[in-house]
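The sequence and structure come first, followed by the notes.

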Protein chains: 2
Amino acid sequence: MAQDFNVTPWEVKGKVDYDKLIVQFGTQKITSELKEKIKSIINDELHVMLRRDVFFSHRDLDLVLKDYQDGKGFFLYTGRAPSLGMHIGHLIPFIFTKWLQDKFNVNLYIEITDDEKFMRNPEYTLDQTRQWAYDNILDIIAVGFNPDKTFIFQDTEYIRNMYPIAIKIAKKLTFSEVRATFGLDTSSNIGIIWYPALQIAPTMFEKRRCLIPAGIDQDPYWRLQRDIAESLGYYKAAQIHSKFLPPLTGPEGKMSSSQPETAIYLTDDPKTVERKIMKYAFSGGQPTIELHRKYGGNPDIDVSFQWLYMFFEPDDNKIKKIEEDYRSGALLTGELKQILIEKLNDFLEEHRQKREEAKKLVNVFKYDGELAREMWRKIHE
Amino acid sequence: MAQDFNVTPWEVKGKVDYDKLIVQFGTQKITSELKEKIKSIINDELHVMLRRDVFFSHRDLDLVLKDYQDGKGFFLYTGRAPSLGMHIGHLIPFIFTKWLQDKFNVNLYIEITDDEKFMRNPEYTLDQTRQWAYDNILDIIAVGFNPDKTFIFQDTEYIRNMYPIAIKIAKKLTFSEVRATFGLDTSSNIGIIWYPALQIAPTMFEKRRCLIPAGIDQDPYWRLQRDIAESLGYYKAAQIHSKFLPPLTGPEGKMSSSQPETAIYLTDDPKTVERKIMKYAFSGGQPTIELHRKYGGNPDIDVSFQWLYMFFEPDDNKIKKIEEDYRSGALLTGELKQILIEKLNDFLEEHRQKREEAKKLVNVFKYDGELAREMWRKIHE
């Protein structure tokens with residue numbers, strides 16, 4: 001039977017059935033037992049995104065935790081293909097990654113793929129993708145990572161240090177093997193065909209397990225890494241997978257930079273946020289106030305509620321009350337939207353402040369921080 | 001009609017008809033007029049390899065000379081995929097390149113592709129190809145290039161400075177376009193697919209014409225460069241093509257590192273040289289001394305004569321006399337071989353001395369010379 005959703009690294013279509021996806025992708029569900037184990041290790045509450053199963057699936061997270069408990073440790077790796085403006089959906093994995101770094105006090109590597117973005121898109125210049133890299137780095141730094149345990153690097157700058165390990169990786173991957181995963185064909189340019197080696201390289205920055213927090217659509221990339229890592233003397237990359245923050249326009253697919261009405265950008269001012277949520281945020285409410293009061297709304301398909309649930313209302317009692325009131329009809333769609341608008345604007349205002357402060361920190365994260373200095377001295381072989 | 005020779009960058013088969021090859025490849029013959037022009041510009045005799053048409057074909061050499069005369073200048077580029085031991089055939093283009101550098105006083109870039117060699121051969125380690133890189137660099141330096149106008153660089157070391165221009169090149173070349181030229185298929189690894197970008201990059205180290213002296217079998221590589229160079233704001237690479245120094249074993253094909261009896265290695269001692277020439281050097285002489293005295297030998301197929309003609313006996317009167325005497329039968333095969341053995345051993349003895357001295361010069365050519373220092377400061381965009 002044809003399935004009504006499809007998830008690949010370059011497209012998410014339809015209403016995703018995440019339980020089915022776990023089976024399809026062959027990943028592991030993050031069980032209550034695993035969550036309890038994390039709680040006991042960090043001796044603290046779980047992050048809202050873990051509590052509410054936004055991060056819901058994994059590969060080898062159990063082994064990562066075991067290594068941590070055994071004193072072997074692990075490290076975190078994430079990245080970004082720079083773009084003109086980041087939206088809320090882009091920030092989610094970084095926020096969760098920061099939480100992991102705080103709780104486990106581990107090194108974090110953030111790869112900025114200015115080369116990939118340039119090579120992938122015929123219309124972009126390298127100057128453009130580097131400018132976006134700078135802008136995106138400000139947004140990433142604003143998340144609040146530990147400056148002495150975080151190294152942010154751009155491929156075109158850090159390539160010399162990564163190149164030896166990258167060519168060892170490249171030698172293990174044929175065109176046939178990367179073609180399907182990366183959506184390539186024989187008319188693809190030879191740079192974008194090479195790029196997977198650079199995406200994999202940071203998983204081998206340390207001889208410890210690497211944990212990658214990312215949307216589950218990214219999983220296929222790391223399967224390639226897992227096929228070859230051990231033959232190079234490194235660990236298979238572990239992953240912790242998130243669901244997609246739904247686009248404003250409805251519960252299907254994921255936010256897209258090419259459709260501005262589907263997303264809230266980090267640069268959107270309060271008026272814009274209000275206008276977008278009011279106009280576009282897909283509602284689970286009834287067509288009229290009367291009907292809504294009578295039948296209530298459906299929070300399961302209401303994007304405003306989903307955004308609050310997945311991240312913006314971390315208080316479990318409050319989100320429970322919002323859900324009940326919306327379902328009963330006591331809370332109207334307009335009121336629900338107002339709650340989200342306020343949360344979003346508070347978040348964005350704070351983000352903008354931190355983004356300003358980040359300008360002074362770029363050199364720390366890229367060159368002068370403790371980990372950064374160590375990494376510039378190191379050639380990864 | 002099936003043709004009895006075949007020339008590709010990875011195989012030379014049969015007795016090459018060089019005039020036919022010029023037509024096939026669409027290159028230009030180096031005419032007497034062009035040779036006269038070079039003579040008048042450098043105000044000196046031509047190198048023996050130019051005089052005797054070892055370098056016999058070109059692309060845009062006329063434009064290079066015009067640019068030189070107009071004061072725009074040009075630069076030289078050559079390279080080497082490091083191997084365990086270089087043979088005489090490997091040294092020929094370097095010797096000619098040195099002559100060009102001396103006469104025109106221009107910059108020369110020598111790329112050592114430790115990455116390519118590693119990625120191309122399943123059995124090689126990166127440590128091996130780097131060790132060979134060091135050894136080959138000694139042989140190259142021994143040729144006597146100008147240390148302040150020559151930059152020798154290894155891909156794995158210089159990659160950061162080349163990467164931006166390399167990804168711009170890579171973006172212009174599809175897998176389909178490089179596949180045939182580089183002998184790739186979908187089972188090739190993604191590193192070796194990427195490598196053509198790095199081979200082309202040095203042709204864009206300066207905004208002047210680049211002249212590449214190389215065996216004509218390398219021409220297909222540079223056709224790719226010529227297709228895209230102008231769209232990136234650079235010149236189409238000019239080339240000056242040589243014939244192949246025949247393998248010892250006969251006038252067909254070219255010397256092969258995998259068949260040691262076909263070649264004289266730069267490390268072969270005098271006894272080895274004598275033994276190899278006596279045993280393997282294909283002879284154009286008659287089966288017995290009596291028949292040889294009567295009918296004479298054929299220098300056109302005699303490898304010892306060809307080696308003397310192409311490089312080891314630069315004196316035009318002497319080579320003429322050797323040819324006449326051999327053809328008449330006055331000179332026996334053994335005597336002809338002795339002439340070559342002496343020339344070869346003199347050459348190799350001097351080379352070994354210079355190779356010893358080269359050990360002190362590696363850092364100059366790679367890092368500290370005038371051009372090297374300039375190149376390490378430069379990021380090629």
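Helix 4 (residues 61–69) of chain B lies across strand 4, strand 5 (74–80), strand 8 (209–215) and strand 9 (238–242) of chain B, and runs at about 140° to strand 8 of chain B. Helix 5 (residues 88–104) of chain B also packs on the sheet, where it touches strand 4, strand 5, strand 6, strand 7, strand 8 and strand 9 of chain B, and its direction makes about 160° with that of strand 5 of chain B. The model is predicted: local features need pLDDT of at least 70, side-chain atom pairs count only at pLDDT 80 or more, and totals for chains, interfaces and linings use all residues. Residues are numbered from 1 along each chain as its sequence is written, chains are lettered from A and ligands numbered from 1 in the order in which they are written, and side-chain values use heavy atoms, with hydrogens and water left out.

**Terms**

- Helices (H or I, at least four residues) and strands (E, at least two) are DSSP runs numbered from the N terminus.
- Contact means heavy atoms within 4.5 Å; axes are lines fitted to C-alpha atoms, for helices over the stretch in contact, and angles run from 0 to 180 degrees between N-to-C directions.

**Sheet of chain B**

- The open sheet has 7 strands in the order 3-4-9-8-5-6-7 (chain B), with mixed pairing; two strands pair if DSSP finds at least two bridges between them.
- Strand 3 (28–29) and strand 7 of chain B are at the edges with a single partner strand each, so one side of each has no neighbour in the sheet.
- Strand 3 of chain B pairs with strand 4 (residues 55–59) of chain B in the antiparallel sense over 2 bridges, and Q28(B) has H58(B) as its bridge partner in strand 4 of chain B.
- Strand 6 (residues 108–112) and strand 7 of chain B run parallel and are joined by 5 bridges; I110(B) has I152(B) as its bridge partner in strand 7 of chain B.
- In strand 7 (residues 150–154) of chain B, 5 of the 5 residues are buried, so the strand is largely enclosed by the rest of the structure; buried means under 20% relative accessible area, exposed over 50%, and partly exposed in between (1.4 Å probe, protein chains only).
- T150(B), I152(B) and Q154(B) point one way from strand 7 of chain B, while F151(B) and F153(B) point the other way.

**Helix contacts in chain A**

- Helix 8 (residues 155–171) and helix 10 (residues 190–200) of chain A pack at an angle of about 100°, with their axes 8 Å apart.
- Helix 8 of chain A is therefore roughly perpendicular to helix 10 of chain A; angles of 65 to 115 degrees count as roughly perpendicular, under 35 as roughly parallel, over 145 as roughly antiparallel and the rest as oblique.
- The axes of helix 2 (residues 32–42) and helix 5 (residues 88–104) of chain A come within 10 Å and cross at roughly 50°, so these two helices are oblique to each other.
- The contact is made by I38(A), I41(A) and I42(A) of helix 2 of chain A and W99(A), K103(A) and F104(A) of helix 5 of chain A.

**Loop residue N189(A)**

- N189(A) lies in the loop between helix 9 (175–182) and helix 10 of chain A, and is buried with a relative accessible area of 10%.
- Leaving aside neighbours within four places in sequence, N189(A) is in contact with M119(A), A170(B), K171(B), L173(B) and T174(B).
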